[in-house]
Amino acid sequence: MCGIIGYIGSKEAVPILLDGLKKLEYRGYDSAGIAVLKDNKIEIKKSKGKIARLEDLLKKSIPKGNTGLGHTRWATHGKPNNLNAHPHNGCNSEIAVVHNGIIENYLLLKERLISEGHNFVSETDTEVLPHLIESNYKDNLTSAVKESLKEIEGSYAIGVISTRDPEKIVASRWRSPLIIGVGKGEMFLASDIPALLKYTNRVIFLEEREIATITKDGVEIINFEGKILEKEIINIEWDAEMTEKSGYKHFMLKEIFQETMVIRNNLEDRINLSTKSLELYNLSLSLKNIKEIKKIFILACGTSYYAALVGKYILEELTNINVEVDYASEFRYRKILLDQKDLVMVISQSGETADTIAALNSCQEVGSHVLAITNVRGSTISRKADSVIYLNAGPEIGVASTKAFIGQLISLYLISLYFAQVRESLNFSEIKKIISEFIKLPQMAEIILLKDPEIIKLSEEFCNFHNFLYLGRGINYPIALEGALKLKEISYIHAEGYPAGEMKHGPIALLDKTFPVVVIAPRDKVYNKVINNIKEVKARDTLVLGIATEGDKEISNLADRVFYIPQTLDLLYPILAVIPLQLFAYHIADKLGCDIDKPRNLAKSVTVE
Ligand code: M6R
């Protein structure tokens, strides 16, 4: 939520800030702005709307200077307009601040600062920061920021520049991510890695309540007590090309087409193809710990939550361990009933989702081992968790999560198989059988992707409906939820996911010929039940699109349209079934002219509660 970029060096700051903002736009796109420092003056330019509008504004006059901050906003306090856009400054325009997070005690601070004579112009919580820093300023910016942050309650990642102490950017964070990019004679500040990759892949992750003083030649990091800290520079393996659309119309489409690669990367990385055995590094659970697990709790939000639901089926089936799945946003406020022998898994593409981090913290407080499944190395979740499994998916830029979902599913299969191997809930030949089928998945995914023109045709037929029901049963029920989420978040069409067997307990009342139903009906153990559900739907004159197993003739006599996926094991169908649903949502949204990579009101990383 909100993206921060900062530059200090000898180049012109504006092009670098704009470029970084474009890479961070997925974090919020209600308004954007920059502040550039030169000759004892800070020039601020900001605009409502997406970065493109800021860019247009800058065409009229570009602030010159080698030090600057940029911000793209996802509004929390105050409407997305020019006044509320960041950067914000204090009374004398000597300090500019960009902020990600929420300052919870801002009203109290604002009242006090107003009574001291400060003049506020926006409705934001952020504006208290430059005024507070102004009022705490004695002889240097770092101390003023440190003293000010001691008064702040809530969450923040901030970048601050000042004409009174011009050779630096001061930055700090608490419950919102911030990283420092290390260049040669230049330094960077950003909310996320993709914004930096064009310039450097050497980064320092700022930890909670650390304060960085960044100059063009380096950085000094202190804690709130003023102690200087030794920090490691990490080399990031991603490269700049990974953050480009590479000829695709949208990141979402590129990322769907990368799914074969995601599956392949994970298999090659963790499965020994000759022995068909598994390796899961980064797992600090001992074999004894794994054998003793009594129950697993999986906590996540959004698409990651739906991956967790699929995970429940896989883990229970393969390991015989009881699994409970909860929204992290709900779990964090529940009474936590965890046993020392329970394992907690958190799933998060970004590794920065505030609710998931809070749930992780609560579990660690009661002594549970937390295993994280995440895409982003160095993210808060990856650093806090006791064990980490990475998705090997490369950066996911489209706001709608697609390839990360596939990576999450694969990771859950691999963890389940590994636990099954350790706990001996499956014998070697059963594991080998699953792995042999697993190895075919990249090719099967490829077959589906090659049939994209079929999905384009289907999207033309279905794009003018206003409501959709997605049905699935068993392990494919979460895929119905995910298919519906994809459609609603990028095309703004109402879509609901439902367990097929529950339809007759309510939703069937909605159905008529204006309300199409997408049914995930592979040839698995509940196939016949789902076929009965399709019959119930058809009796209401409803249009049915079936996702079925190649060669299934029966369904083609029932459903109005069928998209075929290759035959695989029951347990593996979710990986294949979700791909056409992602493409279906994508092409419908494209037909409707929606802003697919930046859907309205959404942000890629939800770093506020
Ligand atoms: O980064 P995370 O996986 O923790 O994000 C969780 C959700 O915010 C995310 O999956 C969201 O629902 C996406 N927009 C789904 O496409």
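**Figure 1. Gln 582, a buried residue in helix H20.** At 0% relative accessibility, Gln 582 counts as buried in this predicted model, because buried means under 20% relative accessible area. Gln 582 sits in helix H20, which covers residues 573–591. Setting aside neighbours within four places in sequence, Gln 582 is in contact with Met 252, Ile 256, Glu 259, Thr 402, Phe 405 and Lys 486. Leu 197 is 385 residues away from Gln 582 along the chain, and their C-alpha atoms are separated by 28 Å.

**Figure 2. Domains and record annotation.** The domain assignment gives domain 1 (3–243), domain 2 (248–439) and domain 3 (448–595). Between the C-alpha centres of domain 1 and domain 3 the distance is 45 Å. In an unreviewed entry, UniProt lists residues 283–425 and 458–599 under "domain: SIS". The span 283–425 is 46% helix and 20% strand, and its end C-alpha atoms lie 19 Å apart. For residues 458–599 the content is 40% helix and 20% strand, with the end C-alpha atoms 22 Å apart.

**Figure 3. The largest nonpolar core.** This core has 101 residues. Met 345, Phe 419, Phe 438 and Phe 468 have the most contacts inside it. Helix H13 (residues 403–423) supplies the largest share, 14 residues. Domain 2 (248–439) and domain 3 (448–595) both contribute residues, so the core lies between them.

**Figure 4. Surroundings of Phe 419.** Residues up to four places away in sequence are not counted here. Among the residues that Phe 419 touches are Leu 283, Leu 285, Ile 290, Ile 293 and Ile 296. The list also includes Leu 315, Thr 319, Ile 321, Leu 343, Met 345 and Glu 424.

**Figure 5. The eight-stranded open sheet.** The strand order is E3-E2-E4-E1-E10-E9-E11-E14, with antiparallel pairing. Strand E3 (41–48) and strand E14 (234–235) are the edges, each pairing on one side only. Strand E1 (residues 3–8) and strand E10 (residues 187–190) run antiparallel and are joined by four bridges. Ile 5 has Ala 190 of E10 as its bridge partner.

Figure 6. Helix H1 (residues 13–24) lies across E1, strand E2 (31–38), strand E4 (67–73) and E10. Helix H1 runs at about 155° to E1. Helix H2 (residues 51–60) lies across E2, E3 and E4, and runs at about 130° to E3.

Figure 7. Two bridges connect E5 to the antiparallel strand E6 (residues 95–100). Asn 89 has Ala 96 in E6 as its bridge partner.

Technical notes: Residues are numbered from 1 along each chain as its sequence is written. This is a predicted model: local features need pLDDT of at least 70, side-chain atom pairs count only at pLDDT 80 or more; totals for chains, interfaces and linings use all residues. Side-chain values use heavy atoms; hydrogens and water are left out. UniProt positions are given in the numbering used here, feature names are shortened, and annotations may be inferred rather than shown by experiment. Two strands pair if DSSP finds at least two bridges between them. Contact means heavy atoms within 4.5 Å. Axes are lines fitted to C-alpha atoms, for helices over the stretch in contact, and angles run from 0 to 180 degrees between N-to-C directions. Domain bounds come from an automatic or database domain assignment. A nonpolar core is a set of buried Ala, Val, Leu, Ile, Met, Phe, Trp, Tyr and Cys residues joined through side-chain atoms within 4.5 Å. Buried means under 20% relative accessible area, exposed over 50%, partly exposed in between (1.4 Å probe, protein chains only).
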